[in-house]
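Have a look at the structure below, and then let's walk through a few of its features together.

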Amino acid sequence: MTDLPMRLNAHLAAAQPSATYRMIDRVAERKAAGVAVISLSAGEPDFDTPVHVREAAIAAIHAGHTRYTQVAGLRPLREAIAAKFARENGLPTRWQDTIVCSGGKQVIYNALAATLNPGDEVIVPAPFWVSYPEMVALCGARAVTVPCTEASGFKLTPEALSNAITPRTRWLILNSPSNPTGAVYSRAELQALAEVLLRHPHVLLLSDDIYEHLTFDGECFVTMAQVEPRLAERTLTMNGVSKAYAMTGWRIGYATGPQWLLQAMEKLQGQQTSGASSISQHAALAALKGPQGFVSEVRQVFQRRRDLVVERLNRGFGLRCARPAGAFYAFASCEGLIGRSSAGGRLLRTDEDVALALLDEAQVAVMQGSAFGLGPYLRIAYAIDDASLARACDAIQTFCEGSTP
Ligand code: PLP
């Protein structure tokens, strides 16, 4: 009787809070105490939402678009999403074959919650976005993480996929360009994975394309349903406006996939959050239908910053960093620092030790790779202005050089 009010759902009790948000909290604490921390830990663009998108939201408020919308989203937005999938991804899509959710995160959660049962397995290539395994666990299923090493470009190989599939596998989650490594799957690599999936018709595919527009050096983005149309009927192709249009706070994600799945997701959403914010939907409509110059400008800025970070990290002692092909993350090995002591006298046994010492001694916040399922690495988000980025790289270099055996 007395302990009843504090009893939590068992899956939630076992889940981990987001490691990224933990670091963001630490940075906020330091900043509140007056410490000038440079944060390379947050996964969001540092740009403002384009002006025409902001104006569309304000116009929507004045026009009275402030009421509930259909659960699956406003029809004009769903039409714009269908047109986007056709135009940019070569996926012939009807508006009825789309859904709008409150962020890409809710798309993924809805899809998993709508389909997973106890004992089901979800294949999550590691390194992974921190939320995938936790969401799977919250749905009462088991995340099967498959290590993808630097030697394979941090990408899942057909052999590793084949070995991970069991009769209980329900989903494979693929994320390209990847958070946290910036890896981008080529058409040939997706085709090779598709060959494996075609042999296992019980496996669904969740293609997380949220960083689609951030590919560098002319690398062409492709998504699985486009590469292998025979998989389209069991693929949920998910995307959103957060990263492409600097709209993380607006909370709009969307997807296309088979009707049975979209209907189940809509049913779930109807009992949960209902339709996404009406104002944000109007803003997303302006983003998708309006001029697309912002997207290519941002890509160029991120490519320049990527080059700066990779060059600087590789120049100094202790870190080694491959050149990522997309997103806005560098995933640097910090193996050269493990076992050493920081100038402040802290023993660096793990990548988390390195990240915490960097925060306290160099006032630079990065994420430890082990939070994403592969250590000892550091994830460095270069979504920050060039001058701050250069200062952060200097501070990281000084920290590394100050370490002793
Ligand atoms: N997928 C990946 C790989 C991400 O990194 C994120 C956000 O960080 C999301 C999905 C979700 O984005 P949002 O919910 O802002 O649309």
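## The open sheet

Four strands make up an open sheet, running β9-β10-β13-β12 with antiparallel pairing. Strands here are DSSP runs (E, at least two residues), helices are runs of H or I with at least four residues, and both are numbered from the N terminus. Two strands count as paired if DSSP finds at least two bridges between them. At the edges sit β9 (320-321) and β12 (367-368), each pairing on one side only.

Zooming in on one pair, β9 is joined to β10 (residues 329-333) by two bridges, and the two strands run antiparallel. Within this pair, C321 stands opposite A332 of β10.

## What you're looking at

This is a predicted model, so local features need pLDDT of at least 70 and side-chain atom pairs count only at pLDDT 80 or more, while totals for chains, interfaces and linings use all residues. Residues are numbered from 1 along each chain as its sequence is written, and side-chain values use heavy atoms, with hydrogens and water left out.

## Around the ligand

Where does the ligand sit? You'll find the ligand in the largest pocket. A pocket is worked out on a 1 Å grid over the protein atoms alone: it is an open set of points where a 1.4 Å probe fits, with protein on both sides within 12 Å along at least five of seven lines. To sit in a pocket, a molecule needs more than half of its atoms within 2 Å of the grid points.

There are 13 residues around the ligand, and G104, D208, S242, K243 and R251 come nearest; a residue is near if one of its heavy atoms lies within 4 Å. The shell splits into four nonpolar, five polar and four charged residues. In this count, Ala, Val, Leu, Ile, Met, Phe, Trp, Tyr, Cys and Pro are nonpolar, Asp, Glu, Lys and Arg are charged, and the others, Gly among them, are polar.

Polar side-chain atoms of Y211 and K243 lie 2.8 Å and 2.7 Å from an oxygen atom of the ligand, respectively. For S242, a side-chain N or O atom is 2.7 Å from a ligand oxygen. The protein covers 92% of the 390 Å² of accessible area that the ligand has on its own (Shrake-Rupley method, 1.4 Å probe).

Most peptide bonds are trans, and most residues other than glycine have a negative phi. The bond from A126 to P127 is cis, with omega near 5 degrees, and P127 belongs to the loop between β3 (121-126) and α6 (131-138).

Definitions and conventions: Polar contact = N/O pair within 3.5 Å; in protein donor to acceptor, adjacent residues only side chain to side chain. 1 Å grid on protein atoms, 1.4 Å probe; cavity = no way out; pocket = protein on both sides within 12 Å on 5 of 7 lines; lining within 4 Å.
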